[in-house]
Amino acid sequence: MSADVIPLKRKEPEGSIEPMLALTANGMNQVNQVILERMQSEVPLIPALAGHLISGGGKRLRPMLTLAGAELVGYSGTRHYKLAAAVEFIHTATLLHDDVVDGSDLRRGKAAANIIYGNPATVLVGDFLFSRSFELMTEDGSLKVLKILSGASAIIAEGEVDQLTAQRKIDTSEQRYLQIIRAKTAALFAAASRIAAVVAECDDEQEQALDEYGRNLGVAFQLVDDALDYDSNAAAMGKDRGDDFREGKMTLPVILAFARGSEEEREFWKAAIGGFRTSDDDLEHAIALIDRHNAVADTKARARHFAQRAIDALSIFPDGRARRAMTQAALFAVARGY
């Protein structure tokens, strides 16, 4: 008597953010305390508007990277709490400014701050949070930390401007797109991770490894974000579905679908990205074309590549709770549906 052996299909590791949350829970309590203290102002509108976004349910992955990196390299001080708060203020400020630039209606599943408070107040409170972040950096006293975080802030702004100039340009290349997301997203991930090694006075190799981890994780994270905007199977994302489509942003799913499409499909994309075909029916047609050419699946495949590069960067560190949590966070970044 014999039986056929049927090999089980290998399941891609899905990852989890839970180990990172558990690893950094105590430290994030300290970071959140700094955030709450430093977002206060005698002008009531400032904490009200800032609090609308800061308390809006974000994962706070960027400050967690600073705390996790500190755990990874065995840092036992407290400097990283204020610096992690500075990272979150930079991120929050860019979100506030982005929502004004994009004219967004939703952020994290609820009305964006600019819809409730108006564009002028939203921009100015973003400026306030940027200022608070630089106060926290200077209080730390490290010129190297200041250089890393201020440099990242400048690169983020350059990336946002670069994205704006690429908007509605159907000939945007994949190389240009990657250049944009390395600036507007990955730069802060890299800086948030790297400063943990700086405060712990690690050697250059460890500092560079944490930079590479954050940078590649940031690229993977943004690739998945852009894929979710066109994912016909995606769960609720906490933003208006099709935002990128209506704003004429040349993200990788569109770049791939346009390159692989027929002449008729390319004419559709030219009109859509140009702002002439942006109805709900047009969005559904765009999603159908992207599905036809596997553009979401291939975008996520590229994200897995960068996530693996992030994981590989951690190989110089000994195995342990922190490294495993950071590995799981990288896998989660590409497996998430929101």
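**Briefing on a predicted chain**

The chain has an average pLDDT of 91, and 92% of its residues score at least 70; pLDDT is the predictor's confidence in each residue, from 0 to 100. This is a predicted model, in which local features need pLDDT of at least 70, side-chain atom pairs count only at pLDDT 80 or more, and totals for chains, interfaces and linings use all residues. Residues are numbered from 1 along each chain as its sequence is written, and side-chain values use heavy atoms, with hydrogens and water left out.

**Confidence**

- Over residues 1-12 the pLDDT stays under 50, and the model has one contact beyond four places in sequence for this stretch (contact means heavy atoms within 4.5 Å).
- Where pLDDT is low, the predicted coordinates should not be read in detail.

**The nonpolar core**

- The largest nonpolar core has 108 residues, and M20, Y213 and W269 have the most contacts inside it. Such a core is a set of buried Ala, Val, Leu, Ile, Met, Phe, Trp, Tyr and Cys residues joined through side-chain atoms within 4.5 Å.
- Helix α8, residues 174-199, gives the most to this core, with 13 residues. Helices (H or I, at least four residues) and strands (E, at least two) are DSSP runs, numbered from the N terminus.

- Eight of the ten residues of helix α2 (residues 45-54) are buried, where buried means under 20% relative accessible area, exposed over 50%, and partly exposed in between (1.4 Å probe, protein chains only).
- The buried residues of α2 are I46, P47, L49, A50, G51, H52, L53 and I54.
- Among the elements that cover them are α1 (18-38), α4 (79-102) and α6 (119-140), along with the strands β1 (106-107) and β2 (110-111).
- E71 is in helix α3, residues 61-72, and is partly exposed because its relative accessible area is 46%.
- Beyond four places in sequence, E71 touches L23 and A322.
- E71 and L49 are 22 residues apart in sequence, and their C-alpha atoms are 33 Å apart in space.

**D229 and its polar contacts**

- D229 is found in the loop between α9 (204-228) and α10 (243-246), and counts as buried because its relative accessibility is 0%.
- A polar atom of the D229 side chain lies 3.0 Å from the backbone nitrogen of D244, and the backbone nitrogen of G242 lies 3.3 Å from a polar atom of that side chain.
- A polar contact is a pair of N or O atoms within 3.5 Å; within protein, one must be able to donate a hydrogen and the other to accept it, and residues adjacent in sequence count only if both atoms are side-chain atoms.

**Aromatic rings**

- The structure holds three aromatic pairs. Rings of Phe, Tyr and Trp (its six-membered ring) pair if their centres lie within 6.5 Å; planes under 30 degrees apart count as stacked, over 60 as edge-to-face and the rest as tilted.
- One of the pairs is Y230 with F245, edge-to-face at 6.5 Å centre to centre, with 90° between the planes.
- This pair links distant parts of the chain, with Y230 in the loop between α9 and α10 and F245 in helix α10, 15 residues apart.
- Y230 and F245 are buried.
- The planes of F268 and W269 are at 65°, with ring centres 5.4 Å apart, so this pair is edge-to-face; both residues are buried.
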